[in-house]
Each structure stands twice: as structure tokens, then as C-alpha cells.
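I opened my notebook to look a few things up in this structure. Come along and check each entry as I go.

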Amino acid sequence: PPHRGGGPPPAGSTTAMSVLTEIADLESILGTARAWPFIDAGRTALFGRSQGGLVAALEAFRRPAQVAALVLWYPALRAPATVRARFGTRAAVPGTYAARVDGRDIVLGRRYALDAWDLDVDAALGRLRAPVLLLHGDRDADAPIEASEAAARILPDARLERVAGAAHGFGDELLTAALERTARFLAWSGVLESAGESQ
């Protein structure tokens with residue numbers, strides 16, 4: 001489902017969206033899903049792409065007992081640091097500004113920068129205990145692979161898999177391979193049953 005401000009209408013204006021509003025939306029979705037009797041809370045995995053990867057990682061940090069595995073495709077883990085570097089001080093953040101988020105050029109509101117300002121992504125990553133798969137293209141200019149390389153060094157249990165030739169996003173045969181890698185990781189982590197297991 002779309003996050004507030006994270007997609008086309010009716011998701012809303014991108015100027016009202018921030019990492020924290022997306023975390024709140026994810027918490028609402030997870031709360032609803034956990035109430036369903038057919039959900040195995042012990043086998044819950046979070047998946048996120050780009051900014052969604054940052055959101056998923058921060059939610060896994062906030063709810064460690066509820067996340068068995070984490071899959072991040074080309075995560076925008078440096079978004080808070082980028083905001084701080086761009087503006088220097090909170091007072092310098094304008095009411096709206098142009099930015100590249102999730103591989104597209106959009107207009108963000110002041111709330112985005114202020115909500116991201118104090119997020120310490122490295123501290124959150126260092127305290128994650130769930131296994132993490134990072135899939136990242138080696139030609140990603142929007143969220144450079146160096147952020148995932150640094151995350152793999154910080155995370156206690158991480159696998160970084162480079163996707164040769166991929167930019168910000170996977171398409172065609174790269175998407176198929178990424179889905180296969182993700183399924184293997186989730187089976188290995190116990191979230192998905194392997195083909196040999198009975199239901």
C-alpha cells in the first residue's frame with residue numbers, strides 16, 4: 001500500500017511525507033496484519049526498496065522482537081546525513097525543496113528534513129539482530145552502493161549482494177535474479193518454507 005505522500009494520488013502530497021510518517025504507516029500496517037489469525041508473528045520479514053529500505057531498517061530496530069528478517073534493495077540509508085549536509089542547520093531548511101527520492105525528482109516539505117535530522121541510522125543498524133540481506137546495484141547513482149557496504153560492516157548479521165550493472169532499481173532479468181536471491185535468503189532465515197518443507 002502507498003505511504004502518505006509516497007506515491008501518486010490518493011497517497012497525498014510529497015510535502016507532507018517524511019521517513020517518520022512512513023514508519024508510522026508501516027507500524028499501522030504491521031499492527032493490523034499481526035491481528036490476523038493466519039499471520040505467524042515469529043516469521044515476519046520486512047522488505048524495503050530505496051527510502052522504503054531505510055524505513056524498514058528503522059522499524060526493525062524499533063520492533064526487534066517482531067522482525068525475523070530484513071531485506072533491503074538499494075536502501076537510501078544516507079538520507080538523514082544527506083539532509084544535514086545539504087542544509088547545515090535546521091533553520092536553513094526551506095518550506096519546500098526539490099530532492100531525489102526513490103529514484104524520482106519530487107518536492108519535499110520542511111517536515112521531511114526536520115524529521116530526518118536526528119535519525120542515527122548507523123546506531124540503529126548496529127543494534128539490529130535479525131539477519132539482513134542487502135541487494136544493491138553497483139551503478140546506483142541515487143543511493144550509492146557505498147552506503148550498503150558501510151551498513152554490511154555495521155550490521156551484526158548481514159549479507160551484501162552486489163547486482164552487477166544495476167542502477168537504482170532492478171528490471172527485467174535483474175529483477176528476476178533479485179527476487180530469486182530474496183526468496184533464497186528468506187528460506188535460509190526461516191521466514192519462508194523451502195520447497196522440501198511441508199505446510
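This is a predicted model: local features need pLDDT of at least 70, side-chain atom pairs count only at pLDDT 80 or more; totals for chains, interfaces and linings use all residues.

**Entry 1: a histidine with two partners**

I began with His 168, which I found in the loop between strand S6 (158–163) and H7. Which side chains does His 168 join through a polar contact of 2.8 Å? One is the side chain of Asp 140, at 2.8 Å. The other that I looked up is the side chain of Ser 50, and that polar contact is also listed at 2.8 Å.

**Entry 2: the whole protein**

Next I stepped back to the overall layout. I counted 7 helices and 6 strands. Reading along the sequence, I wrote down the pattern α-β-α-β-α-β-β-α-α-β-α-β-α. The protein has 199 residues, and 42% of them count as buried.

**Entry 3: an alanine in helix H7**

Then I picked Ala 178, which sits in helix H7 (residues 173–188). Its relative accessible area is 2%, so Ala 178 is buried. What does Ala 178 touch, once I leave aside its neighbours within four places in sequence? I found Trp 73, Leu 135 and Phe 170 in contact with Ala 178. I also checked Val 163, which is 15 residues away from Ala 178 along the chain; their C-alpha atoms are separated by 8.1 Å.

- Tyr 74 is not a glycine, yet its phi is positive, at about 35°. I placed Tyr 74 in the loop between strand S2 (69–73) and H3. Its relative accessibility is 5%, so Tyr 74 counts as buried.
- Asp 172 is also a residue other than glycine, and its phi is positive, near 50°. I found Asp 172 in the loop between S6 and H7. Asp 172 has a relative accessible area of 65%, so this residue is exposed.

**Entry 4: the second largest pocket**

A probe the size of a water molecule, rolled over the atoms, shows where empty space is left. The second largest pocket has a volume of about 400 Å³. There are 24 residues lining this pocket, and the closest to its centre are Ala 79, Thr 82, Arg 100, Val 101 and Asp 142. Which element gives the largest share of the lining? Strand S3 does, with 5 residues. Helix H3 (79–87) and strand S3 (96–101) each supply at least two residues of the lining. By type, I sorted the lining into 14 nonpolar, 5 polar and 5 charged residues.

Methods
Residues are numbered from 1 along each chain as its sequence is written. Side-chain values use heavy atoms; hydrogens and water are left out. On a 1 Å grid over the protein atoms alone, a cavity is a set of points where a 1.4 Å probe fits but cannot get out, and a pocket is an open set with protein on both sides within 12 Å along at least five of seven lines; lining residues have an atom within 4 Å of a point. Grid points are joined across faces, edges and corners, and a volume is the space filled by probe spheres set on the points. Helices (H or I, at least four residues) and strands (E, at least two) are DSSP runs, numbered from the N terminus. Ala, Val, Leu, Ile, Met, Phe, Trp, Tyr, Cys and Pro count as nonpolar, Asp, Glu, Lys and Arg as charged, and the others, Gly among them, as polar. Buried means under 20% relative accessible area, exposed over 50%, partly exposed in between (1.4 Å probe, protein chains only). Contact means heavy atoms within 4.5 Å. A polar contact is a pair of N or O atoms within 3.5 Å; within protein, one must be able to donate a hydrogen and the other to accept it, and residues adjacent in sequence count only if both atoms are side-chain atoms.
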